[in-house]
Amino acid sequence: MNTQVIFNSTDITLEQVKSFVRVEGSQDDNLLEMLLAGAVDEFLSYTGTAFGSFTCNMITTFSNTVIITWPAQNIEIIEVVVNSVVIDESLYIWRPSSFTLEIDSSVTGSELNIKYSCGETPTPADVRNAIFQNVKFNYDFGDNLPEQRPRFFDKVAFRYKTPGSFLGE
């Protein structure tokens, strides 16, 4: 089984996106939510940096020692589930300095599901703007994307991937 991390950002709201994209009504809410999730996911994938508050659900093959690699800022373990059974907090130890969850050797299973919250708040203004622009661009052009996509999102993401650097300088 591959490790899968499912997350939901709570920092940027649908109402904020609709205001930026200048959409009224609710007929495009599902599309805008999908585009927002895609923009946040793209930023996270590129930078490894989680802004806002995230609730994550990590699903992986069971192991007594698990390292949470992404996103991994300010993690708080909410729940540990092994084979659909919630494990008591006394049976695991969270080591935030190494992002390691150690589960007691008496616990065994095949599937491990770790629910945790993480992230840094608030999302910086430039990142928020880049995400809004990414959503607007994809909303406006849909399937008819022009050859060149806007570079603002990439430039902002690059700055957060490589601290103190802008376009490789």
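Guide: In this predicted model, the largest nonpolar core has 42 residues, and Ile 77, Ile 114 and Tyr 116 touch the most other members. A nonpolar core is a set of buried Ala, Val, Leu, Ile, Met, Phe, Trp, Tyr and Cys residues joined through side-chain atoms within 4.5 Å. Buried means under 20% relative accessible area, exposed means over 50%, and partly exposed lies in between, with a 1.4 Å probe and protein chains only. Helix 2 gives the most to this core, namely 7 residues. Helices (H or I, at least four residues) and strands (E, at least two) are DSSP runs, numbered from the N terminus.

Two notes on the numbers are needed here. Residues are numbered from 1 along each chain as its sequence is written, and side-chain values use heavy atoms, with hydrogens and water left out. As the model is a predicted one, local features need pLDDT of at least 70 and side-chain atom pairs count only at pLDDT 80 or more, whereas totals for chains, interfaces and linings use all residues.

Let us begin with Ile 114. Leaving aside neighbours within four places in sequence, Ile 114 is in contact (heavy atoms within 4.5 Å) with Cys 56, Asn 57, Met 58, Val 66, Ile 68, Ile 77, Glu 79 and Leu 101. With a relative accessible area of 1%, Cys 56 is buried. The C-alpha atoms of Cys 56 and Tyr 116 are separated by 5.3 Å, although the two residues are 60 apart along the chain.

The helices come next. In helix 1 (residues 14-21), the buried residues are Leu 14, Val 17, Lys 18 and Val 21. Seen down the helix axis, these residues fall within an arc of 100°, so they line one face of helix 1; the arc is that of the directions from the helix axis to the C-beta atoms. On the face of helix 1 turned away from the buried side are the exposed residues Glu 15 and Ser 19. The cover over the buried residues of helix 1 includes helix 2 and helix 3 (125-141).

Helix 3 has buried residues of its own: Val 127, Arg 128, Ala 130, Ile 131, Phe 132, Asn 134, Val 135 and Phe 137. They pack against helix 1, helix 2 and helix 4. After helix 3 comes Gly 142, with a positive phi near 50°.

Helix 2 also holds Met 34, which is exposed, with a relative accessible area of 51%. The C-alpha atoms of Met 34 and Val 135 are separated by 9.1 Å, and the residues lie 101 apart along the chain.

The structure holds 3 aromatic pairs. Rings of Phe, Tyr and Trp (its six-membered ring) pair if their centres lie within 6.5 Å; planes under 30 degrees apart count as stacked, over 60 as edge-to-face and the rest as tilted. The ring centres of Phe 43 and Phe 153 are 6.2 Å apart and the planes stand at 80°, so this pair is edge-to-face. It links distant parts of the chain, for Phe 43 is in helix 2 (residues 29-47) and Phe 153 is in helix 4 (residues 152-161), 110 residues apart. Both Phe 43 and Phe 153 are buried.

For contrast, consider two residues in loops. Most residues other than glycine have a negative phi. Arg 22 is not a glycine, yet its phi is positive, about 65°. Arg 22 lies in the loop between helix 1 and helix 2, and at 75% relative accessibility it counts as exposed. Ser 84, likewise not a glycine, has a positive phi of about 70°. Ser 84 sits in the loop between strand 4 (76-82) and strand 5 (85-86), and its 68% relative accessibility makes it exposed.

Finally, the whole protein provides the setting. It has 4 helices and 8 strands, and buried residues make up 38% of its 169 residues. Among contacts with a separation of 6 or more, 74% join residues 24 or more positions apart.
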